[in-house]
Amino acid sequence: MIYRFDVLSWWLLFTFLICLIVTIVSWKRRIVKSGFYLAILAATTGQWALAGVFEAAATQIPLKIFWSQVSYLGIVFTPVAYLLFALSYGDHLRFLNKRTLISFSILPLFTFVVALTSNYHNWLWLGVTIPEPGNIALYEHGIHFSINIAYSYLVILNAIIHILSAVRPG
């Protein structure tokens, strides 16, 4: 058996479906300043969740690694999409330009390439095991994983600050 769908797989599928609905509804309302960016955020999160469905269900380590690599597209660009949404929601439109997009996307793009090539250098994953019983993979992380986590949290913190500044009273 190559795939075994369990409770985690179904929850991730449910998450993907919610993200798909949000993407479609937001895309239809993309004329609103932040609708376009909410659609992008929902799409990146949905891609992450959909790849997670298959990673969670895969029963063989090579398949789990493949789906983890696919999920990294959503993993690395979701924080950037959240920042773009926060900037648009907070009326910081002067920052929504190609320069901002490119500068905030350099490390995520590099991280995605690192994920795709990790078996050659182990910067992201040092090893993957599936302990018994169960089907949850345990990833031993390399140095670039920590770099990506730090970067993602800083981008998310930046986004949260912009959202809070937009909703503060007064």
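A crossing of two helices is left-handed if the near helix is turned anticlockwise from the far one by less than a right angle, and right-handed if it is turned clockwise. The model discussed here is predicted.

Q: Which hand does the crossing of α2 and α3 have?
A: Helix α2 passes α3 in a left-handed crossing.

Q: Why is α2 called roughly antiparallel to α3?
A: Helix α2 covers residues 35-57 and helix α3 residues 61-89, and the two pack at an angle of about 160 degrees, with their axes 7 Å apart. Angles over 145 degrees count as roughly antiparallel, and α2 is therefore roughly antiparallel to α3. The residues of this contact comprise 17 nonpolar, eight polar and two charged ones.

Q: How do you know that α1 and α2 are roughly antiparallel?
A: Helix α1, residues 7-28, packs with α2 at an angle of about 160 degrees, and their axes are 8 Å apart. The cut-off is again 145 degrees, so α1 and α2 are roughly antiparallel to each other. Their crossing is left-handed. In the contact of α1 with α2 there are 17 nonpolar, eight polar and no charged residues.

Q: What makes T45 partly exposed?
A: T45 belongs to helix α2. Its relative accessible area is 24%, whereas buried means under 20% and exposed means over 50%. The value of T45 lies in between, and T45 is therefore partly exposed.

Q: Which residues does T45 touch, leaving aside those up to four places away in sequence?
A: T45 touches C19 and T78.

Q: Why is H144 called buried?
A: H144 is located in helix α6, residues 143-167. Its relative accessible area is 5%; because buried means under 20%, H144 is classed as buried. Not counting residues up to four places away in sequence, H144 touches L107, F110, T111, V114, W123 and L124.

Q: How many aromatic pairs does a search of the whole structure find?
A: The search finds 13 aromatic pairs. One of them is formed by F66 and W67.

Q: What makes the pair of F66 and W67 edge-to-face?
A: The ring centres of F66 and W67 are 5.0 Å apart, with 75 degrees between the planes. Rings pair if their centres lie within 6.5 Å, and planes over 60 degrees apart count as edge-to-face; the pair is therefore edge-to-face. Both residues also belong to a cluster in which ring pairs link Y3, F5, W10, F54, F66 and W67.

Q: How do you know whether F66 and W67 are buried or partly exposed?
A: The limit for buried is under 20%. W67, at 18% relative accessibility, therefore counts as buried, whereas F66, with a relative accessible area of 40%, is partly exposed.

Q: Why is the pair of F110 and W123 called tilted?
A: The rings of F110 and W123 are 6.3 Å apart, centre to centre, with 40 degrees between the planes. Planes under 30 degrees apart count as stacked and those over 60 as edge-to-face, so the rest, this pair included, are tilted. The pair links distant parts of the chain: F110 is in helix α4, residues 98-116, and W123 is in the loop between α5 and β1, 13 residues apart.

Q: What makes F110 and W123 partly exposed?
A: The relative accessible area of F110 is 40%, and the relative accessibility of W123 is 40%.

Notes. Residues are numbered from 1 along each chain as its sequence is written. This is a predicted model: local features need pLDDT of at least 70, side-chain atom pairs count only at pLDDT 80 or more; totals for chains, interfaces and linings use all residues. Side-chain values use heavy atoms; hydrogens and water are left out. Axes are lines fitted to C-alpha atoms, for helices over the stretch in contact, and angles run from 0 to 180 degrees between N-to-C directions. Helices (H or I, at least four residues) and strands (E, at least two) are DSSP runs, numbered from the N terminus. Angles under 35 degrees count as roughly parallel, over 145 as roughly antiparallel, 65 to 115 as roughly perpendicular and the rest as oblique. Ala, Val, Leu, Ile, Met, Phe, Trp, Tyr, Cys and Pro count as nonpolar, Asp, Glu, Lys and Arg as charged, and the others, Gly among them, as polar. Buried means under 20% relative accessible area, exposed over 50%, partly exposed in between (1.4 Å probe, protein chains only). Contact means heavy atoms within 4.5 Å. Rings of Phe, Tyr and Trp (its six-membered ring) pair if their centres lie within 6.5 Å; planes under 30 degrees apart count as stacked, over 60 as edge-to-face and the rest as tilted.
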